[in-house]
Amino acid sequence: MLRIYNTLTRKKEPFIPVEQGIVRMYVCGITTYSDAHIGHARTYVAFDIIRRYLEYKGYKVTYVQNITDIDDKIINAAAEKNMDALEYSSYYAKRCLEDLEKLGVRPADMYPKASEHIDDMIEMVKKLVDRGYAYVSEGDVYFSVEKFRDYGKLSGQDMEQIKAGARIMPGEKKKKPEDFALWKAAKPGEPKWHSPWGEGRPGWHIECSAMSSKYLGMPFDLHGGGQDLIFPHHENEIAQAEASEGKRFVNYWLHAGLLKIRGEKMSKSIGNIINVRDALSMWDAESLRFFFASVHYRSPPDFSEEAMRNAENAVRRIRIAKEKLEMAAGEDDKFNEKGLDEVEKEYLNNVKKFIRNFEVAMDDDFNTPKAIETIFDFVKDTNILFMKKENPSPPLCRYALNTFLKIANVLTLLQEEEKKVDVEALKKIASGYGVEEQGSWEEMLERLLEIRRNARKEKNYALADEIRAKLKEIGIEIEDRGEETIWRIS
RNA sequence: GGGCGGGUCACCUAGAGGCUGGGUGGUGGACUGCAGAUCCACAUACGCGGGUUCAAAUCCCGCCCCGCCCUCCA
C-alpha cells in the first residue's frame with residue numbers, strides 16, 4: 001500500500017486516487033527567463049521518479065507541467081534585451097526543457113503555457129468576481145482572502161499570521177494587504193490581453209489553478225512543486241480553484257526539499273547557482289540523477305563536488321553489475337526453478353527479495369535512499385553469484401537483468417544512454433601502435449587490445465600498461481580478467 | 001518574531017524505542033604481472049544538557065546551530 005506525505009495534513013496518508021487505476025498529477029514548472037539550474041533539476045527528477053513509481057505500480061499517469069511564460073521577471077529581462085517578452089520566454093522554455101531532457105528527465109505529457117490559456121484564466125477570474133471572492137480595482141482584479149475561509153490551510157498559518165506578513169507594494173490597488181492579484185492592468189509596453197476589466201495580464205497564481213483543473217479536472221490527485229511554493233503560490237491556487245468551483249481542488253500536495261550548495265542556499269546573491277547545462281559538462285547525467293535520488297525528495301540535498309564524486313563512484317558499481325548480467329543473460333527469461341542449482345536458487349530468492357524490499361521502500365512515501373539500499377543489496381548478490389559460478393543460467397540472468405532494469409529505471413538509473421567515445425583521440429592512440437584506421441571504432445579498439453594481449457603474453461607489461469593508461473585518459477577503462485580483457489566507457 | 005523541516009561515522013544519506021542501515025572514502029586480507037573489478041574483515045556515529053523507560057539516535061523538556069517559507073523563487 002502506497003503512503004504519501006501530504007503537506008495539507010502533514011501526515012503520511014494511504015494513496016487512493018480519484019479514479020481507480022489512474023493518477024492525475026500536476027507539477028509547477030519553470031518561469032522561463034533564464035536557464036534551468038540544478039535546483040529545478042532536483043525537483044523535476046524527484047517528481048519524475050514519483051511518476052515512474054506510480055506507473056511501476058500499474059497506474060496510468062497523466063503528468064502535466066506548466067510553463068510560466070508571462071510574468072514580471074520575464075518582462076523585465078526581455079525589456080533589458082529589447083526583446084518581445086513572449087519570444088524571450090519561449091526561447092528559454094525550449095532551452096530549459098532541452099536541458100532537463102538531456103539530464104534524463106522524462107518529459108511530462110503536457111506543457112501548457114500560461115500565455116496560451118488566458119481565456120481559461122479570465123473565465124476563472126470572472127467566476128471569482130461573480131461569486132463575490134474577488135473585486136475589481138481600477139483595472140486590476142484581486143482575490144479577497146478574508147472571503148475564503150480555508151485560506152492558510154496548506155501552509156498551516158492562521159489569518160493573523162498571514163496578515164502580519166502581508167504588505168501592499170507600490171502600484172498595487174488592493175483593499176487588504178493579504179489580498180493577491182488575479183489580473184493586472186497593463187502598463188505601457190507590457191504584453192497584454194483583452195479582458196472584461198480592460199487590457200492586462202493574469203497574476204501569477206491563477207495560471208496553475210486554471211490549467212491544472214482544465215486538463216486534470218477537480219479534484220485531481222497529486223500536485224507538486226518545490227517547498228518554496230507552499231506559500232503563497234499553492235495556498236493561492238487552492239483559494240482560486242476551490243472558491244471558483246466550490247469543490248476540493250487537489251487531494252495530495254507534495255513538496256520537494258530545496259537544494260543547497262555546500263551547506264548554503266542556492267541564490268543569486270551568493271552567486272552559487274549552477275545551471276543544468278554547466279553541471280552536465282562536469283558530471284554525467286546518470287550521476288546527477290543518482291545524487292538526487294540518493295536524498296529523500298522532501299529533504300534538502302546538499303550539493304558539492306565531493307557528493308558528486310561519491311555519486312559517480314556509486315553509479316559505476318551499479319553499471320558494472322548490470323554489464324555482468326548482460327553478458328550472461330540469454331534471450332528469454334523462462335527458466336525452470338527445478339533446473340537451478342543451490343547457488344542459482346539462492347540468487348533467485350535474492351531477486352525476489354529485491355523486488356519486495358524495493359516496493360516496501362518506495363511505498364513509504366517514495367523513500368528513494370532506502371530503495372537505493374536495495375539496489376546495492378542486489379548488486380552484491382549479483383557479484384556473489386558470478387563469484388560462485390562461472391556461467392549461471394542464462395534465463396535466470398535475463399530475468400534478474402530485466403528486474404534490475406525495471407527497478408533501476410524507476411529511480412532514473414540505468415537508462416539507455418549513448419556513451420560518447422572520442423573517436424579521433426582513439427584513432428590517434430591506435431595509429432601510434434600501428435593500428436590502421438579501418439572499420440568502426442569498436443573494431444579499431446579490438447585490434448589495439450589484441451596488440452596489448454600479445455604484449456601481456458610476452459610479459460611486455462610496460463607496453464600493456466601504457467596502452468591501458470592511454471585508453472583510460474580518453475575514458476575507456478579496461479580490465480583484465482585472466483586471459484580475457486573487457487572494456488567499458490566511463 | 002511566527003510557521004515548517006533538520007542536525008547521524010572522514011564525506012553523502014536512511015532510520016522502526018531494544019536486534020548498532022546503505023553508499024563513497026580509509027585500513028587489512030583473498031584474487032591479480034600490476035592496475036581495476038569483486039568478495040571478506042575492521043574502524044569511525046547519532047548537536048548539547050536534562051528527563052521518561054528495564055532499554056532512547058528514535059519519546060518529553062530546555063538550549064545551540066542550519067535550511068525553507070512569511071506575497072520574486074523548483
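# Cavities, a pocket and the RNA surface of chain A

The second largest cavity has a volume of about 40 Å³. It belongs to a predicted model in which chain A has 16 helices and 15 strands. Of the 490 residues of chain A, 53% count as buried, and the C-alpha atoms of the chain fill a box of roughly 90 × 55 × 35 Å along the principal axes.

**Enclosed cavities**

- Rolling a probe the size of a water molecule over the atoms shows where empty space is left.
- The count of cavities of 30 Å³ or more comes to 2.
- The lining of the second largest cavity is formed by Ile30, Thr32, Gln65, Asn66, Ile67, Ala93, Leu97 and Tyr111.
- By class, the lining of the second largest cavity has 5 nonpolar and 3 polar residues, with no charged residues.
- The largest cavity has a volume of about 70 Å³.
- Arg42, Val45, Ala46, Ile49, Ile50, Phe292, Ala293, Val295, Tyr297, Phe366 and Thr368 make up the lining of the largest cavity.
- This lining of the largest cavity divides into 9 nonpolar residues, 1 polar and 1 charged.
- H1 and H9 each supply at least two residues of the lining of the largest cavity, and H1 gives the most, with 5 residues.

**The second largest pocket**

- The volume of the second largest pocket is about 870 Å³.
- Elements that give two or more residues to the lining of this pocket are helix H8 (276–282), helix H9 (285–293), helix H10 (305–328) and strand S15 (484–489).
- H10 contributes the largest share of the pocket lining, 4 residues.
- In total 28 residues line the second largest pocket, and Asp284, Arg319, Glu418, Lys420 and Ser490 lie nearest its centre.
- Sorted by class, the lining of the second largest pocket has 15 charged, 8 nonpolar and 5 polar residues.
- The second largest pocket lies between domain 2 (306–410) and domain 3 (423–489), because both domains give residues to its lining.

**The surface near RNA strand B**

- RNA strand B is surrounded by 58 residues, of which the closest are Gln161, Gly165, Trp204, Gly226 and Lys265.
- Of the atoms of RNA strand B that come within 4 Å of the protein, sugar and phosphate account for 69%.
- Elements that each supply at least two residues of the surface near RNA strand B include helix H1 (38–56), helix H5 (159–165), strand S9 (220–226) and H10.
- Further elements that each supply at least two residues of this surface include helix H12 (368–388), helix H15 (441–457), helix H16 (461–473) and strand S14 (476–481).
- H12 gives the most to the surface near RNA strand B, with 8 residues.
- By class, the surface near RNA strand B has 19 nonpolar, 20 polar and 19 charged residues.

- An N or O atom in the side chain of Lys73 is 2.6 Å from a base oxygen of RNA strand B.
- An N or O atom in the side chain of Thr43 is 2.7 Å from a base nitrogen of RNA strand B.
- At Asp302, a backbone N or O atom lies 3.3 Å from a phosphate oxygen of RNA strand B.

- H1 gives 5 residues to the lining of the largest cavity and supplies at least two residues of the surface near RNA strand B.
- H10 gives 4 residues to the lining of the second largest pocket and supplies at least two residues of the surface near RNA strand B.

Note on methods: Residues are numbered from 1 along each chain as its sequence is written. Chains are lettered from A and ligands numbered from 1 in the order in which they are written. This is a predicted model: local features need pLDDT of at least 70, side-chain atom pairs count only at pLDDT 80 or more; totals for chains, interfaces and linings use all residues. Side-chain values use heavy atoms; hydrogens and water are left out. On a 1 Å grid over the protein atoms alone, a cavity is a set of points where a 1.4 Å probe fits but cannot get out, and a pocket is an open set with protein on both sides within 12 Å along at least five of seven lines; lining residues have an atom within 4 Å of a point. Grid points are joined across faces, edges and corners, and a volume is the space filled by probe spheres set on the points. Ala, Val, Leu, Ile, Met, Phe, Trp, Tyr, Cys and Pro count as nonpolar, Asp, Glu, Lys and Arg as charged, and the others, Gly among them, as polar. Domain bounds come from an automatic or database domain assignment. A residue is near a molecule or strand if one of its heavy atoms lies within 4 Å of it. A polar contact is a pair of N or O atoms within 3.5 Å; within protein, one must be able to donate a hydrogen and the other to accept it, and residues adjacent in sequence count only if both atoms are side-chain atoms. Buried means under 20% relative accessible area, exposed over 50%, partly exposed in between (1.4 Å probe, protein chains only).
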